[in-house]
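Hello,

Here is the structure we spoke about handing over.

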Amino acid sequence: GGDASHLMRRFASHGWLALAPDHTDNMLSDSQDGSIPTSVYIHRPQDLSESLNLIEGLDASDSLSSAVTDAVLVNGHSRGCDDVWMTMGASIDADALAGACPGMDDGECTEAETAAFLSGVVSDPRMVAGITMAGTINRGYHADDGHLSVRGPVMLMSGSNDTGHAVSESWESLEGIERSLVDIEGACHGTFNMGFCDTIDSALGYHIVETYALAFGRQHVLGDTDETVSGILDGSLEVAPEAVVTVGN
């Protein structure tokens with residue numbers, strides 16, 4: 001959860017309730033050799049939903065108990081991009097699941113894993129807008145067009161020095177949903193979470209990421225039509241020369 005502290009602080013400073021849970025069996029100290037159990041990909045989106053449920057279940061005397069609404073912005077970095085697509089309602093393809101389960105020697109999902117993915121438990125109707133950072137679409141879950149069933153707009157963030165520049169490569173396949181791309185020159189994988197990047201100042205990277213994320217949330221969750229918010233999101237108002245905005249429909 002602490003990986004996202006800079007972004008959570010920025011949102012909280014503007015009056016948002018910002019939640020960043022630790023992920024079940026998927027902390028930085030877990031499975032860094034790449035052997036990630038399939039259960040992680042089922043639990044991660046549920047971690048987000050259960051965090052909301054926890055707040056909603058607080059005693060009415062707690063001021064936070066009424067803070068969670070049915071309109072939530074979900075954000076994910078790297079592997080967390082899977083969480084965004086899943087919670088936002090991207091459909092899971094039963095055929096594509098064959099070979100998509102990394103925890104199995106033969107790549108096949110168990111019956112229980114397949115049932116969990118297809119049950120809808122990874123989707124959450126409260127997630128109405130999503131931001132993916134330094135990641136792409138896992139076709140092993142969503143096949144060629146499952147991502148097109150998301151229930152709201154998606155902003156993709158990418159860095160020119162991120163390995164594979166993966167976000168930009170997914171752009172064309174997203175035609176048909178409301179989406180935008182913020183591509184940051186010099187940014188690398190760590191720019192979007194802990195700031196580790198030799199090719200862009202971490203404070204500048206944070207400023208760019210936070211500004212676009214907050215504007216996106218203001219417009220698509222709060223319904224903010226302010227011209228500054230709109231200008232940031234359509235690229236007519238420059239946040240930094242390193243950031244290039246592309247808007248789709």
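**Helix H1 and its surroundings**

Glycine 15 follows H1, and its phi is positive, near 90 degrees. Keep in mind throughout that this is a predicted model.

H1 covers residues 5-13. Which of its residues are buried? They are His6, Leu7, Met8 and Phe11. The cover over these buried residues includes strand S1 (72-77), strand S2 (127-133) and H7.

**H1 against H7**

H7 runs over residues 202-220. Its axis comes within 10 Å of the axis of H1, and the two cross at roughly 50 degrees. H1 and H7 are therefore oblique to each other. The crossing of H1 past H7 is right-handed. On the H1 side, the contact uses His6, Leu7, Arg10 and Phe11. On the H7 side, the partners are Tyr206, His207, Val209, Glu210, Thr211, Ala213 and Leu214. Sorted by class, the residues of this contact are 6 nonpolar, 3 polar and 2 charged.

**H7 against H8**

H7 also meets helix H8, residues 227-234. Here the axes come within 9 Å and cross at roughly 120 degrees. How are H7 and H8 set relative to each other? An angle counts as roughly perpendicular from 65 to 115 degrees and as roughly antiparallel over 145. The angle here is roughly 120 degrees, so H7 and H8 are oblique to each other. H7 passes H8 in a left-handed crossing. From H7, the contact takes Thr211, Tyr212, Ala215, Phe216, Arg218 and Gln219. From H8, it takes Val229, Ser230, Ile232 and Leu233.

Serine 78 is not a glycine, yet its phi is positive, about 60 degrees. It sits in the loop between S1 and helix H3 (80-87). Is serine 78 buried or partly exposed? Its relative accessibility is 29%, so serine 78 counts as partly exposed.

Alanine 143 is not a glycine either, and its phi is positive at about 55 degrees. Its place is the loop between helix H5 (139-142) and strand S3 (154-159). Is alanine 143 buried or exposed? Buried means under 20% relative accessible area. Alanine 143 has 18% relative accessibility, and therefore counts as buried.

**The chain as a whole**

The protein chain has 8 helices and 5 strands. Along the sequence they follow the pattern α-α-β-α-α-β-α-β-α-β-α-α-β. Of the 249 residues, 49% are buried. Take the contacts with a separation of 6 or more: 72% of them join residues 24 or more positions apart. The accessible surface of the chain comes to about 11400 Å². Carbon and sulfur atoms account for 49% of that surface.

Best wishes

How values were computed
Residues are numbered from 1 along each chain as its sequence is written. This is a predicted model: local features need pLDDT of at least 70, side-chain atom pairs count only at pLDDT 80 or more; totals for chains, interfaces and linings use all residues. Side-chain values use heavy atoms; hydrogens and water are left out. Axes are lines fitted to C-alpha atoms, for helices over the stretch in contact, and angles run from 0 to 180 degrees between N-to-C directions. Helices (H or I, at least four residues) and strands (E, at least two) are DSSP runs, numbered from the N terminus. Angles under 35 degrees count as roughly parallel, over 145 as roughly antiparallel, 65 to 115 as roughly perpendicular and the rest as oblique. A crossing is left-handed if the near helix is turned anticlockwise from the far one by less than a right angle, and right-handed if clockwise. Contact means heavy atoms within 4.5 Å. Ala, Val, Leu, Ile, Met, Phe, Trp, Tyr, Cys and Pro count as nonpolar, Asp, Glu, Lys and Arg as charged, and the others, Gly among them, as polar. Buried means under 20% relative accessible area, exposed over 50%, partly exposed in between (1.4 Å probe, protein chains only). Accessible areas come from the Shrake-Rupley method with a 1.4 Å probe; for residues, only the protein chains shown count as cover.
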